[in-house]
Amino acid sequence: SEPGSEGGDVGSPLRAQASFSDPKKAPGSEWGFAPKQIVKAQELTQDVVTELVNAFCRDTRESTTSTSADKFRHALITNASESSIKLQQLRLGMHSGQALSKILKNHPLVTLDLYGNVLRDSGAGALLQLIRNHDTLRHLSLGSNDLGHESGIGFARDLGTNNRLQTLDLGTEGGAMYANKFNNMVGVAFAESLLTNTTLLYLGLGGVGVGKRSEKSEDTESTAAQELSKMLKLNHTLKTLRLGTNALGTAGCVLILQGLAENSSVTDLDLSNNGAGAEVGVVAGQGLSVNRTLSNLSLARNKLGPSGVSSLAACMVTNATLRHLDLSHTHMQDRGCIAVANAMEGNRGLTSCNCTNNKISEYGGLAWADTLWTNKTLTTLLLSENPLGDEVAVNIAGVLSQNRSLRTLELASCKLGDEGALAIVDALEGNTSLSKLRLTDNLISETGGMLLADMLESHGSLHSLDVRANQLAHSSLLRVQRECQRKK
């Protein structure tokens, strides 16, 4: 599926990410503090390139004349300069970490992104020495490098005295081969250091296990969450905190949200996929009633249920700060969906709402159709993987002739047939705002596909229509793609 439909971690500012609010943003642009990268091959000298290639070959046991070495050399030339090095998923190990630490010591490096390699603790230890003595390094990503909890604690403690680093991403994305494996003591160490650190803006700890005592043992006392909650009440610098997929549970997420209620700096919080229940929705709603800073919140893949989502929605009416809300895979069902949709009739802040995969039927979907008549701020609505049916699509189509704010609408896997799909595209004749429509994996026939292609030639400003995994003929798919490309 496309970025945005799955929910969960919205991503690191150091690598291209899927974000349901804007899946095509350039790395770092969403947070506003990633450096502009102008890559010039000549900025890394031949001696430096040779030394790094030799280290890579020691790590991979490849010859310096092998195809792998040539690919790595090309990656250096393409993605590395004196100020920015981005070498993701290249099997860099201990020797590469040590070589980079030695070579970059006196370089005016600003960004170092080594996500998805195999540095392990030995390679990471060398890089830790680098950042302790480096004057210009501001952004570091070592996610998914098979780091253990000792490395995590080392980087955490360094933040207690480091007054230069602004971005630190140690998070691991789902399915990563070399996940970083931390424990609750790493979370405690970060919380303690951030009590005094005044420069870090972004901390990525997604999928690393800070909610566990060990890989197989849960932290029933929520030790890390308690300390992170205390930190949030006192830290006034941190803007983004990624804690998705950490087995924090309901108690841990509640503690984090309680700390957030007294925080005035965090704008982006990810608590997705933490095994949390309905109480988290209640506490999140209470927090939104008083917090005037948070703009992005993900509670995706937690079992909030209809009651938890409804409690959260009740507090959204008065909140004008939150911009992006991810409630995908939260088991909200129709009752929760209706509560969210109704809240959006009075909400004037939210611009993106993700309700993907929530067992929402026609009944819940029609509530969104009603809301879109009055809401003028929502630009992105994701309702994919819900059995909505044609009736919902027809009603949403009726709204599109009047709505001038919605830019992205996703209705993939919603059991839409020709009637619903054609109604939406036909409504775009009078709509110049909707630019992205996703209708993949529905019940659109070959004839329906031909009609869709015909309509696109004269309707609206749609420049992205995804109708894959339907029954369209290949020729119709090509026509749709060409017409969307022409309107970009």
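In this predicted model, helix H7 (residues 223-234) and helix H8 (residues 249-260) have axes that come within 7 Å and cross at roughly 10°. Because angles under 35 degrees count as roughly parallel, H7 is roughly parallel to H8.

**Contact of H7 with H8**

- On the H7 side the contact is made by Ala 225, Gln 226, Leu 228, Ser 229, Leu 232 and Lys 233, while H8 contributes Gly 252, Leu 255, Ile 256, Gln 258, Gly 259 and Leu 260.

**Contact of H11 with H12**

- Helix H11 (residues 333-346) packs against H12 at an angle of about 5°, and their axes lie 8 Å apart; the two helices are therefore roughly parallel to each other.
- From H11, the residues Asp 334, Cys 337, Ile 338, Val 340, Ala 341, Asn 342, Met 344 and Glu 345 meet Tyr 363, Gly 364, Ala 367, Trp 368, Asp 370, Thr 371 and Thr 374 of H12.
- The contact of H11 with H12 has eight nonpolar residues, together with four polar and three charged ones.

**Buried residues of H12 and H13**

- Within H12, the buried residues are Gly 364, Gly 365, Ala 367, Trp 368, Ala 369, Thr 371 and Leu 372, and what covers them includes H11, strand E12 (352-354), strand E13 (380-382) and H13.
- In helix H13 (residues 390-400), Val 392, Ala 393, Ile 396, Ala 397, Val 399 and Leu 400 are buried; because these residues cover an arc of only 155° around the axis, they sit on the same side of H13.
- An α-helix has 3.6 residues a turn, so residues three or four places apart point the same way.
- The cover over the buried residues of H13 includes helix H12 (362-374), strand E14 (408-410) and helix H14 (418-427).

**Cysteines**

- A disulfide is a covalent bond between the sulfur atoms of two cysteines, and a search of the whole structure finds zero disulfides.
- Cys 253 is in no disulfide, and the nearest cysteine sulfur, which belongs to Cys 315, is 17 Å away, whereas a disulfide requires a pair of cysteine sulfur atoms within 2.5 Å.
- Cys 253 counts as buried because its relative accessibility is 0%, and Cys 57, with a relative accessible area of 6%, is buried as well.

Terms used. Residues numbered from 1 in each chain as written. Predicted model: local features only at pLDDT ≥ 70, side-chain atom pairs only at ≥ 80, totals over all residues. Heavy atoms only, no water. Axes fitted to C-alpha atoms, helices over the stretch in contact; angles between N-to-C directions. Helix = DSSP H or I, 4+ residues; strand = E, 2+ residues; numbered from the N terminus. Parallel < 35°, antiparallel > 145°, perpendicular 65-115°, else oblique. Contact = heavy atoms within 4.5 Å. Buried < 20%, exposed > 50% of the residue type's maximum accessible area, 1.4 Å probe, protein only. Arc of directions from axis to C-beta. Nonpolar A, V, L, I, M, F, W, Y, C, P; charged D, E, K, R; others polar.
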